[in-house]
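Subject: Structure for you to look at

Dear colleague,

Here is the structure I said I would pass on. My notes on what turned up in it follow below.

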Amino acid sequence: MSQEPIHIIGGGLAGSEAAWQAAEAGAKVILHEMRGVRETDAHQTDALAELVCSNSFRSDDHEQNAVGLLHEEMRRCNSVVMRAADQHKLPAGGALAVDRHGFSGAVTEAISNHPNISIVREEIAGWPPDDWQHVIIATGPLTSPALAEAVLEKTGEDSLAFFDAIAPIVHYDSIDHDIAWKQSRYDKVGPGGTGADYLNLPMDQDQYFAFVEALKSAPLHEFKDWEKVPYFDGCLPIEVMAERGVETLRHGPMKPVGLTNPRNPTVKPYAIVQLRQDNALGTLWNMVGFQTKMRYGIQAEIFRMIPGLEKAQFARLGGLHRNTFINSPKVLAPDLKLKVDPRIRFAGQVTGVEGYVESAAVGLITGRMTAAEALGGSLSIPPATTALGALIGHITGGHIEAESYSGARSFQPMNVNFGLFPEVTVSKPEGVKRWRGPERTIAKRRAITSRALDDLKAWA
């Protein structure tokens with residue numbers, strides 16, 4: 001049986017999950033993390049699995065939501081990320097939100113105390129050495145420049161980078177609670193929640209239009225390559241959304257549906273800004289969907305135009321961090337190995353998945369598969385009918401290259417969603433004459449998720 005260690009580069013969610021899974025399988029793991037030696041523009045600590053953007057893992061409904069199903073599959077696969085998230089969850093309606101410091105601390109403690117894992121604080125400044133037989137690159141959105149260049153050279157690609165925007169965080173006691181009210185959209189109760197887990201700030205039509213115009217004229221941080229760098233649609237800066245049309249924000253993060261202002265219930269707000277609890281103490285609240293690349297000097301001024309935030313104090317203003325991903329359908333084999341160097345697997349956001357849980361999920365699979373090989377065996381990819389398998393299948397072979405594009409890579413980051421799963425047949429219940437669309441959708445999703453958990457059990 002081989003005693004060659006598995007080298008994992010990157011201690012984010014994907015790298016930490018990969019290390020945990022491989023170590024739990026009995027393999028020896030060396031986790032290389034550069035923070036502590038070389039800092040990044042977005043991280044604030046040297047802890048493993050630090051959350052640099054939102055503190056939400058999104059929906060936890062495993063019967064009706066694809067990411068909720070992914071949560072459940074990972075729990076059933078002994079995920080350290082999901083265990084830490086469940087230990088440090090915060091009220092957030094139907095979502096699973098976490099205390100970011102408690103979560104990261106729990107993952108760091110678990111990895112640091114595992115007898116099969118050694119953590120080395122160093123930058124891997126180039127391609128992994130030839131004598132490393134089993135390697136997982138899980139460097140995520142802030143891959144070091146030297147390693148990024150080495151990846152480009154090996155893959156023959158011309159670009160790896162695009163940019164994500166970070167939303168501001170507001171001090172709770174600086175919000176006007178005579179204006180704000182607590183309510184989850186449609187009063188939905190989620191893990192640890194009450195159905196009143198968001199702070200809501202209403203806007204009338206004039207206030208909304210003035211706000212949009214201010215966003216459109218705001219000075220921005222400038223980066224010379226930005227015009228050629230595409231954004232992921234699920235994380236667009238708010239001012240970019242404003243540029244797409246005056247009504248865009250009302251149909252995005254500022255949509256007023258599913259919410260009623262108790263102070264004026266007969267009047268529907270034209271738009272609503274939501275804030276979500278960001279820490280366990282409840283002292284910090286995140287502006288949901290308000291990622292931004294506006295310059296710091298103007299941000300507070302514009303956000304204080306929002307009713308209820310006139311005197312807001314910001315614990316963190318919005319900002320930007322670089323994201324990095326490879327053209328996975330082209331350069332990776334179905335088992336996530338690099339075609340030109342099969343010693344190497346990739347995991348996390350660098351593969352072109354979007355979202356904390358998706359990143360950790362790819363780490364989970366690469367950790368298990370690499371450990372099986374290091375210990376003299378093999379492991380298949382999870383079935384395509386599972387959330388884990390559907391996600392892997394998409395990034396390695398499910399994407400269809402666009403016939404033409406204007407400089408932006410056709411393959412773009414993807415969240416897990418039901419569109420990635422194979423079709424499932426559902427039959428109209430006996431005795432039902434008219435099966436309405438919403439009822440059929442609910443039944444179809446329940447069939448997909450039930451099939452997924454059955455097939456995962458057989459695989460695991």
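Strands S12 and S13 form a hairpin, with six residues between them. In the turn, glycine 282 has a positive phi of about 80°. Please keep in mind that this is a predicted model. S12 and S13 pair in the antiparallel sense, over three bridges, and leucine 275 stands opposite methionine 287 in S13.

Strand S13 covers residues 284-287, and both of its faces are covered. Leu284 and Asn286 lie on one side, Trp285 and Met287 on the other, and all of these are buried. In a regular strand, side chains alternate between the two faces of the sheet. S13 also pairs with strand S9 (residues 169-171), antiparallel, through three bridges. Histidine 171 stands opposite leucine 284 there.

Asparagine 200 has glutamine 274 in S12 as its bridge partner.

There is also an open sheet of three strands, in the order S3-S5-S4, again with antiparallel pairing. Strand S3 (56-59) and strand S4 (89-90) are the edge strands, each with a single partner, so one side of each lacks a neighbour in the sheet. S3 pairs with strand S5 (residues 95-98) over two bridges, in the antiparallel sense. The bridge partner of serine 59 in S5 is alanine 95.

Next, the annotated site. The unreviewed UniProt entry carries a "binding site" annotation that covers Gly10, Gly11, Gly12, Leu13, Ala14 and Gly15. Are glycine 12 and glycine 15 buried or partly exposed? Glycine 12 has 25% relative accessibility and therefore counts as partly exposed, whereas glycine 15, at 0%, counts as buried. Glycine 12 lies in the loop between strand S1 (6-9) and helix H1 (13-24). Leaving aside neighbours within four places in sequence, glycine 12 is in contact with Glu33 and Ala49. Glycine 15 has its place in helix H1. Not counting residues up to four places away in sequence, glycine 15 touches Ile8, Gly10, Leu31 and Ala138.

The largest cavity contains about 40 Å³ of space. It is lined by Ile137, Thr139, Thr143, Leu147, Ala148, Val151, Leu160, Thr324, Ile326, Phe346 and Val350. By class, this lining has eight nonpolar, three polar and no charged residues. Helix H5 (residues 145-155) gives the most to the lining, with three residues.

One last item is glycine 393, which lies in helix H11 (residues 387-398). With a relative accessible area of 32%, glycine 393 is partly exposed. The C-alpha atoms of glycine 393 and phenylalanine 421 are separated by 9.4 Å, with the two residues 28 apart along the chain.

Regards

Terms used: Residues are numbered from 1 along each chain as its sequence is written. This is a predicted model: local features need pLDDT of at least 70, side-chain atom pairs count only at pLDDT 80 or more; totals for chains, interfaces and linings use all residues. Side-chain values use heavy atoms; hydrogens and water are left out. On a 1 Å grid over the protein atoms alone, a cavity is a set of points where a 1.4 Å probe fits but cannot get out, and a pocket is an open set with protein on both sides within 12 Å along at least five of seven lines; lining residues have an atom within 4 Å of a point. Grid points are joined across faces, edges and corners, and a volume is the space filled by probe spheres set on the points. Helices (H or I, at least four residues) and strands (E, at least two) are DSSP runs, numbered from the N terminus. Ala, Val, Leu, Ile, Met, Phe, Trp, Tyr, Cys and Pro count as nonpolar, Asp, Glu, Lys and Arg as charged, and the others, Gly among them, as polar. UniProt positions are given in the numbering used here, feature names are shortened, and annotations may be inferred rather than shown by experiment. Buried means under 20% relative accessible area, exposed over 50%, partly exposed in between (1.4 Å probe, protein chains only). Contact means heavy atoms within 4.5 Å. Two strands pair if DSSP finds at least two bridges between them.
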